[in-house]
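Dear colleague,

Please find below the structure that I am handing over to you. My findings follow it, arranged by topic.

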Amino acid sequence: MFKIQVHVESPRRALYLDAITRMRKVELAEENADALVTDTVGEPSLPTLLDAPEEGDPTQLSDLQGAPLMPAHEWRFAPNVIPVEESRSQGQLGEPGLLRIHYWLTRKECPRTVAFHQVDLAHWFFSSPPDSGYCHAGQNYLLIHLGYPDGGMALVDIATNRPGHSDYHSMHLIGSRGAAYADDHENTHLLLGKAGATALIQPVNAVLTIQNMLEEFVAGIRESRPWSVNLQDTLHVLATLKEVSHA
Amino acid sequence: MPEHVYRALVLSVVKHDYLPNAVASHPRFQLVAVADDPDCPDWIHERNQLFADQNGIPYRRDVEAALPDCDLVVVSPEAERHCDLAQRAARAGKHIVVDKPLSPRLAECDALVAAVAENQVKCLVWNRNFLPSLVKARETLESGAIGTLQAIHCDFYFSKDAGPPKGSRGPGDPPIDWLERQLEAHADGSDGGVGTEPLGELQIEGIYPLAYIHMLINSPVERVFARTTAHFHQANVDNDVDDLATVTLEMANGCVGSLSIGRIGAAAHPDIGEIKLHLLGSEGSLVISEARPEVAVYARDQPPTEFRHRRIADENNYLLMENFAEALDHDKDTILNAHGARDIAATVQAALESAKSGTIIETAR
């Protein structure tokens, strides 16, 4: 059995525990672990999945490049993102041209923190950091507009502390040969009640996302290969966010 | 007492004919003739004559001679001639319904705005602001349901092909001639960019989503940041015009907005394309699919070019002409007048400059 120790605070801890219970030949361990999940940046003694990399200090993270450390860019493993990336990497979409993301959350959170993972998706789909950028920041709001080499472009719209109790995520990636749409609007179900019609939206499945990410983490260790995401990816995103904030 | 029926002169109808047809279908308007300048190329005369014959009205190759015998003009030539014909009508004291875009050149838009004001005529620039989804969006905003509008975003994609795909030109092949390509596109109504001057998607279609934003936010655009590219079609590459663009908009009232627009190819959507609005307010949010309501029809042996989703309850044409009739009857303003369309043209111009320079550009006010 592959043993994973989890040093992450709740409620994130609960997600990791839930995900581990769904994995084959993987179990939670409090000692003698094969790997570690932690949200604390430090020189790892075990292969480590670093949770919340968006909170990391770029200098500290830069010093850790080369260490056995996979940053938790979890949105790359979200159920709604995987088909988009697969269609892109398999060439179905052709050259990526435009990525559009809307992400509106009810919880109070810094929009820049939320933007980390969405900007990471943009870097990932366009296979490079951007070469131009613009940012508009307001209270609980961030709009980021990025340009990529070869003409690609991304618009990321983030709003936090929204009224109500439903988050909303809409994403589409348009390429030269096709497009992929992952859209909460299209996935709306209707509740017709006393107050009229209410839209029901299934939020992104957090446990599945963590499980998918853990599968990659464990597979990379078992297969002795580099993980699909690394600290350089984290540093690129942090650099982009810093760059556009000053634009 | 029966309401006055306004007599409409069609000044050129060389692209899709939905504009004069929309005018003709409203009971308060009657088409009386088609007219154009005598020195136009043959293909223009042919299209004008065809429309005149289909509608049982004469075609006159003399605009100035035809102008006295009408109350208003319906201007639908190539975009590069929109303002010239409209100005001449304004100076003759005639009201104007003009197709979009107003003009690729801001100076011409300014001249038309001045002519309209000086001659106190009404001007309606064609738009889609009376689509049922936009009417609903406006009503919802005005009701206060989402509070104060803070941000507005519009996706406006047509999933149509526009000739051979990018990268298809063989070594030694000549570049695609823009006018020839547009003349070919007339068959499926995709010739909004017809003319000798190549136009990108932002110039051809940008007025529609920018008019949505203009209506809903009611504040001028002050600054833009844009990216454009020819991503899909060889004709756009060869003529150095965009078929994909993103624009961020900063409004005078502090709101922010964005537009993503493109002619993204027939393979990129199961239907005509994704047209959507996202509105963020202080008390709530609104997500609008511009095409709905619609009915979907799927059938064996359905032609691949037939759109599966059919818009229903679309009163845009009727309501636009109703709005124009009211403007004429009661000396009111139209839902999108020359000034508003001019501001939209200024936004487009600034966006193209921003895309070229990679910097934020202020719109010309």
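Two strands are said to pair if DSSP finds at least two bridges between them. In general, the strands of a sheet pair through backbone hydrogen bonds, either parallel or antiparallel. Please keep in mind throughout that this is a predicted model.

**The open sheet of chain B**

With that definition in hand, one can describe an open sheet of 7 strands in chain B, whose order is 12-11-7-10-9-8-15 and whose pairing is mixed. Strand 12 and strand 15 (361-362) of chain B are its edge strands, as each pairs on one side only. Within the order, strand 7 of chain B runs parallel to strand 10 (residues 256-263) of chain B, and 8 bridges join them. One example of this pairing is Tyr157(B), whose bridge partner in strand 10 of chain B is Gly262(B).

**Strands 1, 4 and 5 of chain B**

Strand 4 (residues 72-76) of chain B is joined to strand 5 of chain B by 4 bridges, and the two run parallel. Strand 4 of chain B also pairs with strand 1 (residues 6-13) of chain B, again in the parallel sense, over 5 bridges.

Individual residues show how these pairings are connected. Val73(B) is the bridge partner of Leu9(B) in strand 4 of chain B, and Val73(B) in turn has Ile96(B) as its bridge partner in strand 5 of chain B. For Val74(B), the bridge partner in strand 5 of chain B is Val97(B).

Is strand 4 of chain B mostly covered or mostly uncovered? Strand 4 of chain B is mostly covered, with 5 of its 5 residues buried. Leu72(B), Val74(B) and Ser76(B) point one way from the strand, whereas Val73(B) and Val75(B) point the other way, and all are buried.

**Aromatic rings**

A search of the whole structure finds 11 aromatic pairs over all chains. One of them is formed by Phe156(B) and Tyr208(B), whose ring centres are 6.1 Å apart. Why is this pair called tilted? The planes of the two rings stand at 45 degrees, and planes under 30 degrees apart would count as stacked and planes over 60 as edge-to-face, so this pair falls into the remaining class.

Phe156(B) belongs to strand 7 (residues 149-158) of chain B and Tyr208(B) to helix 9 (residues 207-217) of chain B, so the pair ties together parts that are 52 residues apart in sequence. Together with Phe158(B) and Tyr212(B), Phe156(B) and Tyr208(B) form one aromatic cluster.

Arg128(B) lies over the face of Tyr208(B), at 4.9 Å from the ring centre. The charged end of Lys160(B) sits over the ring of Phe158(B), 6.0 Å from its centre.

**The largest pocket**

The largest pocket holds about 840 Å³ of space. It is lined by 24 residues, and the closest to its centre are Ser166(A), Thr198(A), Ala199(A), Ile201(A) and Ser285(B). Two or more residues of the lining come from each of strand 12 (188-193) and strand 13 (196-201) of chain A and strand 12 (285-289) of chain B. Strand 13 of chain A gives the most, with 5 residues. By class, the lining has 11 nonpolar, 8 polar and 5 charged residues.

**Cavities**

The count comes to 3 cavities of 30 Å³ or more. The largest cavity contains about 140 Å³ of space. Its lining has 16 residues, of which His214(B), Pro220(B), Val221(B), Asp343(B) and Thr347(B) lie nearest its centre. Helix 9 and helix 12 (338-357) of chain B are the elements that give two or more residues to this lining, and helix 12 of chain B gives the most, with 5 residues.

The second largest cavity has a volume of about 120 Å³. Among the 14 residues that line it, Ala162(B), Trp178(B), Gln182(B), Glu201(B) and Arg263(B) are the closest to its centre. The largest share of its lining, 4 residues, comes from helix 7 of chain B.

With kind regards

Methods: Residues are numbered from 1 along each chain as its sequence is written. Chains are lettered from A and ligands numbered from 1 in the order in which they are written. This is a predicted model: local features need pLDDT of at least 70, side-chain atom pairs count only at pLDDT 80 or more; totals for chains, interfaces and linings use all residues. Side-chain values use heavy atoms; hydrogens and water are left out. Rings of Phe, Tyr and Trp (its six-membered ring) pair if their centres lie within 6.5 Å; planes under 30 degrees apart count as stacked, over 60 as edge-to-face and the rest as tilted. A charge sits over a ring if NZ of Lys or CZ of Arg is within 6 Å of the ring centre and within 35 degrees of the ring normal. On a 1 Å grid over the protein atoms alone, a cavity is a set of points where a 1.4 Å probe fits but cannot get out, and a pocket is an open set with protein on both sides within 12 Å along at least five of seven lines; lining residues have an atom within 4 Å of a point. Grid points are joined across faces, edges and corners, and a volume is the space filled by probe spheres set on the points. Ala, Val, Leu, Ile, Met, Phe, Trp, Tyr, Cys and Pro count as nonpolar, Asp, Glu, Lys and Arg as charged, and the others, Gly among them, as polar. Buried means under 20% relative accessible area, exposed over 50%, partly exposed in between (1.4 Å probe, protein chains only).
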